[in-house]
Each structure stands twice: as structure tokens, then as C-alpha cells.
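Subject: Structure for your review

Dear colleague,

Please find the structure below, together with its sequence.

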Amino acid sequence: MTRKKVKLAFIVNDSARKATFKKRKKGLLKKVDELSTLCGIDACAIIYSPYDPQPEVWPSPLGVQQVLSKFRRMPEMEQSKKMVNQESFLRQRIAKSTEQLKKQTKENREKEMTQLMFQYLGEGNIMHNVNMLDLNDLAYLIDQYLKDINRRIELLTRESQSQSQPPMPPPPVVKDEVANVEEEGQGSHAQQGLNINMDSMQPKENWFVNLMSGANVDQPHVFGDANQQSGFWPNTFFH
């Protein structure tokens, strides 16, 4: 059997209020004791009531003085950082309850408009007794549903396109091939030039060796052909 929620209001009946005080005071002191024992913190309680001439303290008057002395040695900003009284506590509860009420009202309105939308879809027409406020909320709700559907369609389309397209092959390496071609071309030109130079120098070397050995050979025209009186050395690259 679940406990009935107690209404937080002043108890008018004196006997009921006194019984509730004794019961709640015992429970409060028990909770303070449990909090101090389980968490290892310094705590105290001072309770004034019209039913006892002296205030009731926990754990003892000396323990209360030690906790209060430790509290007074703290800076003023630290003292009031988490301090609340009954008025501020009630204000926080009211603000929290107001926020919860707004959230619950919005959820109820959305459920109501969703039910109304499906009702109109099932009947195929809109009732004429709907006011302007309901029509505006219904239009807003339908617009939100359409936006969610469009976002879902775009996401599925991108996923299907990414899965259907094959991976792009890596681009061919052109730099190495061009470098090889250039090296081969330069090597062939250099070899060709070397062969031409060696061919042009061979007759001159033979003529010089024969001349030193005393053989009677026809001396070539070193400075060019007899028919050409240009005076330049013969260039095998241009002739």
C-alpha cells in the first residue's frame, strides 16, 4: 500500500500538529546522524519548539559549539554561498515547479494536436468547429513532422549514394615516367654527341701518329676545305 502524499500546509489542529512535530523531529535527527556517520562530515541540529522549554540539540552542546565555531571562521562569501532560508527555498521550489508545468503543458498540447491530426487524416477532412488557435498549433506540428521527414530522406539518400559509388582508384604516377623519359633522352643525346666527337677526332689522331713516325701521308686541310676559305674549324654538328 502506497503512502498518501502529505499536503505541505500548516496543520490547524493542535494535537495533530504536536504529534507530527514529534514524529518529524525524530526522523530529522536520525537523518542528521546517518549523514554524519556515512559521509564523515561535521553536522549539528538545533530545534526550538513551543512544546519544550529548552531547545533540543544534536549531537551535544559541545559538538554544536564546535561546528558553529568552524562555520564562523569561514569567509562571509563562503558562509552565504549555499545558505538558504525558508523564503529562498520556497522560491526555488516554485521556479522548478513552474518550469515542470510549462514542459508538461507543452507535451500535453503536442499529444492533443497529434491525436487531432490523425483524426483528420482518418476522416479525410477538417471539422468546421476548429478554432484558429488549434489550426495554428496543428499547422506548426505538421511543419515540424515534414522537416523531420525531409531530414531523414536526405540522410538516407546520402548513405545510399556513398554505398553505391565504387571507391575512386588512385591517380597514376606520371612524375616518375616523365623523369625516366627525360633521363633516357638526355642519355641518348649525350651518347650520340660523344660518338660524333670520337668519330671526328679519329682521323686527326691517325694523321698525327703517321707524321711522328715519318710516314709519307697526305696532310689533311686542318683549317678547312681548300674550296672553303672561311678560316673556321670544321664543326661536325653543323656539317
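With which residue does Arg91 form a salt bridge? The partner is Glu87, and the closest N and O atoms of the pair are 3.2 Å apart. Both residues belong to helix α4 and are separated by 4 residues, about one turn of the helix. An α-helix has 3.6 residues a turn, so residues three or four places apart point the same way. Arg91 itself counts as exposed, because its relative accessibility is 57% and the cut-off for that class is over 50%.

Please note that the model is predicted. The overall picture is as follows.

The protein has 239 residues, of which 10% are buried. Its fold comprises 6 helices and 2 strands, and the order of the elements from the N terminus is α-β-β-α-α-α-α-α. Among contacts with a separation of 6 or more, 37% are between residues 24 or more positions apart.

Helix α1 covers residues 14–39, which is 26 residues. The distance from its first C-alpha to its last is 37 Å, close to the 38 Å expected at 1.5 Å a residue. Just after this helix, Gly40 adopts a positive phi of about 65°. Within α1, the buried residues are Phe21, Lys25, Leu29, Val32 and Ser36. The buried residues of α1 pack against both strands, β1 (45–47) and β2 (56–58).

The side chain of Lys25 meets that of Glu56 in a salt bridge, with an N to O distance of 2.7 Å. Since Lys25 lies in helix α1 and Glu56 in strand β2, the pair ties together parts that are 31 residues apart in sequence. Glu56, with a relative accessible area of 27%, is partly exposed.

Further salt bridges

In total, the structure holds 10 salt bridges. Side chains of opposite charge can pair when their charged atoms come close. Another of these pairs is formed by Asp143 and Lys147, whose side chains meet at 3.5 Å, N to O. Both lie in helix α5 (residues 132–164), 4 residues apart, about one turn of the helix. Asp143 is partly exposed at 34% relative accessibility, and Lys147 is likewise partly exposed, at 40%.

A nonpolar surface patch

Which residues make the nonpolar surface patch of about 370 Å²? They are Val84, Phe89, Leu90 and Ile94. Of these, Leu90 is found in helix α4, which spans residues 86–123. Leu90 counts as partly exposed, because its relative accessibility of 43% falls between the limits of 20% and 50%.

Yours sincerely

Technical notes. Residues are numbered from 1 along each chain as its sequence is written. This is a predicted model: local features need pLDDT of at least 70, side-chain atom pairs count only at pLDDT 80 or more; totals for chains, interfaces and linings use all residues. Side-chain values use heavy atoms; hydrogens and water are left out. Patches are made of residues with over 30% relative accessible area and no salt bridge: like charges are joined within 9 Å, nonpolar side chains (Val, Leu, Ile, Met, Phe, Trp, Tyr) within 5 Å. Accessible areas come from the Shrake-Rupley method with a 1.4 Å probe; for residues, only the protein chains shown count as cover. A salt bridge is a side-chain nitrogen of Lys or Arg within 4 Å of a carboxyl oxygen of Asp or Glu. Buried means under 20% relative accessible area, exposed over 50%, partly exposed in between (1.4 Å probe, protein chains only). The expected span of a helix is 1.5 Å times one less than its number of residues. Contact means heavy atoms within 4.5 Å.
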